[in-house]
Amino acid sequence: MSAYKLLINGRLEDGDATMNVLNPATEDVLAVCPRASKAQLDKAVAAAKAAFPAWSKTPIAERKKALLAIAEVIEKNAGDLARLLTQEQGKPIADATMEIYGAAAFFKYFTMLDLPVKVLVDGNGQRVEAHRKPLGVIGTITPWNFPLILLAFKLPPALLAGNTVVVKPAPTTPLTTLRFGELIKDLLPPGVVNVIADANDLGGALTAHPDVRKISFTGSTETGKKVMASAAATLKRVTLELGGNDAGIVLDDVNPKETAPKLFQGAFQNNGQVCIALKRLYVHESIYDEMCNELAALAEQAIVGDGLQQGTQLGPLQNKMQYEKVKEILADARKHGKVIAGGEVPDGRGYFIKPTIVRDVKEGARVVDEEQFGPVLPVIKYKDTDEAVARANASPYGLGGSVWSKDKDRAYEVANRMNSGTVWVNKHADLAPNIPFGGSGQSGLGSELGEEGLAEFTQLQIINVAL
Ligand code: NAD
């Protein structure tokens, strides 16, 4: 038995099995969590399918009221949700609190959007209109780095457009999402939102399910490819928000002391476990040594610990698999570069790695070529801007990127030559609910947020009338 429940067809249920969820700061069992069976997944999809006709015909004003009520219940329970998020994910409590309030804000944002009928032609004997119709049952699949806010990229637009949803969080961080399901149970008709949890074994079944019309997926590129392959049999719509290896280019006119804290934040926020974390930093040779020293000083000062402790800046890695992967990447980085801060893996419990700066490193090292998804930043020296742009762009990924300079026009010109879905100037990893977000290349397909994100949860229908 678990203190947590699945939400299926408006009812809270135990899973057909259970699994343990660990606190990554202590490696202790945080909770016994319900684990859905394939039959429970099918039941959730059937409930969402049955709820669709009525929900899709519910006036949009009513659907907006439901979104607002969800935002309010998140805010009312923010303290408990944030504490739970810190315990299962590892992030400092201040960051967890921001994530919870951020999720509420994303629900509120979508209440400001509409799906009006657009008249494309009206005259010369015809009237042509573009309608945005709901798709049906949506499956949302989320990763473990930002369990609630990433769900809030998906659920509000899906519901606003008139779809019903089956929600599946990541197996190592299901608890905040399950608690969220309990909190919203009575705010929607049964079956409109269903929440299940799995042990990494139901994603494929949800993706292949013939009654699911779209998968909105956030996770790794490797899994994203599997999602696309298994969605192909039923030609499901997919939105894929995948991995990234964001480059930052620091031009020669930057003041290292002023800029290093912003770069540090861009790279180490959420312990580097951010799809749009700064993962490769290209710094002009004229300021390279100074910038490395500033970043190293910040890394040495950072307070690493249990996210529930006041003052902690960086928590543990979220799970053992990721912890082992980052340790391997760190060992490889030592062979290809010079570790000038951090690099230690403290003894004792918890998946902790000290924030690490690696200098004199370049392409060919895993920490540069791969998505490290952890607190290890490679700082790479370059000579001229064209070379830096070419190296930044030479990646299969294309999620985010940034350019840093005192001269905004110069930075803008360089930003315009980068390949990624988002490029920031003098900042990094700044997202907002009204600004569309998506990757190029192997970082994804489609976009989330903003009007574009809402449109992705609809089917475009043209009604073309002879007058
Ligand atoms: P992951 O791909 O291992 O897992 C993501 C989700 O997919 C989990 O819920 C998992 O259970 C599920 N899953 C596993 N196998 C599946 C299958 N065959 N079919 C369908 N679903 C399946 O990713 P992760 O390790 O949890 O998250 C880290 C990755 O997510 C990083 O690569 C990161 O960059 C990426 N990410 C991307 C964004 C973005 O918006 N682009 C945001 C956050 C994280």
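A residue is called buried when its relative accessible area is under 20%, exposed when that area is over 50%, and partly exposed in between, with a 1.4 Å probe and protein chains only. The legends below concern a predicted model, in which local features need pLDDT of at least 70 and side-chain atom pairs count only at pLDDT 80 or more, whereas totals for chains, interfaces and linings use all residues. Residues are numbered from 1 along each chain as its sequence is written, and side-chain values use heavy atoms, with hydrogens and water left out.

**View 1. Leu449, a residue with positive phi.** Leu449 sits in the loop between β19 (444-445) and α15 (450-455), where helices (H or I, at least four residues) and strands (E, at least two) are DSSP runs numbered from the N terminus. Its phi is near 70°, a positive value in a residue other than glycine. With a relative accessible area of 0%, Leu449 is buried. Most residues other than glycine have a negative phi.

View 2. A relative accessible area of 31% makes Asn9 partly exposed.

**View 3. The aromatic pair of Phe264 and Phe268 in helix α9.** A search of the whole structure finds six aromatic pairs, a pair being two rings of Phe, Tyr or Trp (its six-membered ring) with centres within 6.5 Å, called stacked if the planes are under 30 degrees apart, edge-to-face if over 60, and tilted for the rest. Phe264 and Phe268 form a stacked pair, with 4.4 Å from centre to centre and 25° between the planes. Both residues belong to helix α9 (residues 256-268), in which they are four residues apart, or about one turn of the helix. Phe264 counts as buried at 11% relative accessibility, and Phe268 counts as buried at 2%.

**View 4. The aromatic pair of Tyr323 and Tyr351.** The rings of Tyr323 and Tyr351 are tilted, with 5.3 Å between their centres and 40° between their planes. Tyr323 lies in helix α11 (residues 320-336) and Tyr351 in the loop between β14 (338-341) and β15 (356-359), so the pair ties together parts that are 28 residues apart in sequence. Tyr323 is buried, with a relative accessible area of 8%, and Tyr351 counts as buried at 5% relative accessibility.

**View 5. Ala105 of helix α4 and Ala71.** Ala105 has its place in helix α4 (residues 93-110) and is partly exposed, with a relative accessible area of 37%. From C-alpha to C-alpha, Ala105 and Ala71 are 7.0 Å apart in space, while 34 residues separate them in sequence.

**View 6. The setting of the close-ups.** The secondary structure of the protein comes to 15 helices and 20 strands. The radius of gyration, taken over C-alpha atoms, is 23 Å, close to the 23 Å given for 467 residues by the globule rule (2.2 Å times the number of residues to the power 0.38), so the protein is as compact as a globular protein of that length. Along its principal axes the C-alpha trace spans about 65 × 65 × 40 Å, and buried residues make up 57% of the 467 residues. Of the contacts (heavy atoms within 4.5 Å) with a separation of 6 or more, 73% are between residues 24 or more positions apart.
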